[in-house]
Amino acid sequence: MDTFGLLGEGLLAALQVQNLLYALLGVTLGTAVGVLPGIGPALTVALLLPVTYRLDPTGSLIMFAGIYYGGMYGGSTTSILLNTPGESASIVTALEGNKMARKGRGGPALATAAIGSFIAGLIATLALAFVAPWVVKAALAFGPADYFALMVLAFVTVSAAFGDSALRGITALFIGLGLGIIGIDLQTGQARLSFGIPDLLDGIEVTTLAVALFAVGETLAIASSSTSLKEEVLAVKGSVWMTLSDWKRSWPAWLRGTFIGFPIGAMPAGGAEIGTFFSYAAERKLSKHPEEFGEGAIEGVAGPEAANNASAAGTLVPLLTLGLPTSATAAIMLAGFQQFGLQPGPLLFANNAPLVWSLVASLLIANFMLLVLNLPLIGLWVRLLTIPKPWLYAGILTFATLGTLGANGAMSGRLGPIPFSFELLILLAFGILGFILRRFGYPIAPVVIGLILGPLSEQQLRRALAISQGDPGILVHSPIAITLYIIAAIALLVPFYFRLRGKGAVLQQMASDED
Amino acid sequence: MSLGEPNLSRRPDGAAFVIALVLAAIAAVIIWQTSLMRVPPIQAKVGPTVFPYVIAAGLLVLSFATAISAFRGQFPVREKINYGPIAWIVGGLLAQLLLISWAGFSIGTAVLFGFVAKGFGRGPLWLSVPIGFVLAFAIWFIFSRGLQLSLPTGPIERLVP
């Protein structure tokens, strides 16, 4: 069947009342949690994953898709009105969006972000539907050695290619890889690094690690900071609607942002923020009003927001077709699939086609719902921004522990006569780890990706070596693998070269745009 | 996120040396534990010990590089820590951990809620803990009754049919 037929069937499935309700619940929860300052999409998805445990796989994944897109929409509201981006992909939005809000043009800024996200989400989700079958076809030719090379490439791009220190990025990745060894080895059934603790035999839960690093670590970092920023929530004054000139200036930026964001998300090239930086740079170059940049130019909100959402849909291409997560959010989504025993990859398209296509279709539906939910109801979401910090973070930790207990509530630890939940102890320990990582400038996402992708890459490596009877030559035997290794080497060496050449180079500019 | 302005003083960074040591220690633990595994000879070539050794080797290299980086003072400048709030938050998580199995989700989480709010400077506890209790009880009801999540029950949760 062709893509249209499959997508149509997916739409029929997604339009069932029950699935529509799951999607609505997902986008509402996703927006509400995503709007909260300090919570990005990765944490939104990690916090809400356990909520979906008891649903059937299709319903759960549909709700999940809604949460994912909802979290993206919510994040942009926060960065426009509060200037504290909850996620790195919103940094650029905060740049111009917050300036617009300060000038009393918060309404149009939110509107161009929401409509831009909608258009980008729509185009990118359709692109996902049409690109995915091609990638699946290509992926069927991949052997274990090629998969291993692909994962090595992903490791390099998520840890070393961007950010301000390759050393700290790779170290974060290896911490994740090390945590990934813990537990029963899938192929031989032997326990590794479990120290005789039964709870460690199942390995470290991805959601627990993500919630600990993002929620507990962030809470500790903010509470302990002595220079607490004075944050003010900007009221949405004046009309929410965009003027004719706003529309004229926005729509080319939306389209450009979409076409910049989607391919970057679809390549194993790391997070969504790269696309937003490129889009911002492109808009600044092409704008007829370059003097407005830095003072609240609407293109500077429209383009990056579209790029942000387009690359969010783009990351689903490697995730669904190859089982390759390229962002922390995608890593948690992969964990969401795994809880139902589903392993994304070419076989998922073959064996669970209805599920995949109803997921893609429900992304389209979630996108429509979000547009409706966000434009008229924006005042409601803005009110969530005014929650005072003590209550906000107390609430975040309440939900963090709720999710952890929901995933594994067994009271298997014991301190004297008191039984306790081992999973909560892990949450606390990794929360402190997250705080230390943040304090010393280590990125968080590579840890999460290392944890989930480490065991998968080991599996492919051992499969490849088993085929070759132990000859490591097989790893560089196929042209696909060699090409991937060359790209990985370029991704590692080019930034290194830029860093050596001095601080004026591209990467540093990406970092300095943040202040 | 505080992205790195490099440490201008460029003095060796003691805390970062500790990180290098910890990385080396983790590598040592991985090597030690992996060497204790008994691997049947048939798996010797591509068995379950290969990957741990590779990661341990990587961690050793990274530990060395971190030590050099620490010596050159290349880590971002850190601001002073307030230990008070950290103690409240970690204390809250520990209190919840120890309370929740016998006192139930609502009471344990109420204490966590109150302690975290206190860590952010909002008190008094006799007010914030009850607020946390109401919230936690509502959450418990919605999630354990509505979404069938298995959450720990205590004397108060058992009152609900």
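**Entry 1. Fold and conventions**

How many helices and strands does chain A have? I counted 22 helices and four strands in chain A, taking DSSP runs numbered from the N terminus (helices H or I, at least four residues; strands E, at least two). I note that this is a predicted model, in which local features need pLDDT of at least 70 and side-chain atom pairs count only at pLDDT 80 or more, while totals for chains, interfaces and linings use all residues. Residues are numbered from 1 along each chain as its sequence is written, and chains are lettered from A and ligands numbered from 1 in the order in which they are written.

**Entry 2. Confidence**

I looked up the predictor's scores for the complex and found an ipTM of 0.90 and a pTM of 0.87. For chain B the average pLDDT (the predictor's confidence in each residue, from 0 to 100) is 85, and 90% of the residues score at least 70. Over residues 1-5 of chain B the pLDDT stays under 50, and the model has 11 contacts for them beyond four places in sequence; a contact requires C-beta atoms, placed from the backbone, within 7 Å. Where pLDDT is low, the predicted coordinates should not be read in detail.

**Entry 3. Burial and contact range in chain A**

I find that 62% of the 515 residues of chain A count as buried. The cut-offs are 20 or more other C-beta atoms within 10 Å for buried, 12 or fewer for exposed, and partly exposed in between. Among the contacts in chain A with a separation of 6 or more, 79% are between residues 24 or more positions apart.

**Entry 4. Helix α3(A)**

I examined α3 (residues 41-48) of chain A; eight of its eight residues are buried, so the helix is largely enclosed by the rest of the structure. Its buried residues run from A:P41 to A:L48 and include A:T44. They pack against α2 (17-35), α4 (57-82), α9, α14 (328-338) and α18 of chain A.

**Entry 5. Two buried residues**

A:L334 lies in α14 of chain A and counts as buried, with 22 C-beta neighbours inside 10 Å. Beyond four places in sequence, I list its contacts as A:L319, A:G323, A:P325, A:P344 and A:I452. A:V206 is 128 residues from A:L334 in sequence, yet their C-alpha atoms are 9.3 Å apart.

A:A145 lies in α7 (residues 144-161) of chain A and is buried, with 25 other C-beta atoms within 10 Å. Its contacts beyond four places in sequence include A:A464, A:I474 and A:H477. A:A145 and A:I482 are 337 residues apart in sequence and 10.0 Å apart, C-alpha to C-alpha.

**Entry 6. α9(A) against α19(A)**

I checked α9 (residues 206-224) and α19 (residues 422-439) of chain A: their axes come within 7 Å and cross at roughly 55°. Axes are lines fitted to C-alpha atoms over the stretch in contact, with angles from 0 to 180 degrees between N-to-C directions. The two helices are therefore oblique to each other, since angles under 35 degrees count as roughly parallel, over 145 as roughly antiparallel, 65 to 115 as roughly perpendicular and the rest as oblique. The contact includes A:L213 and A:V216 of α9(A) and A:F430 and A:R438 of α19(A).

**Entry 7. Interface**

I find 57 residues of chain A in contact with 62 residues of chain B. On the chain A side, α18(A) gives the largest share, 11 residues.
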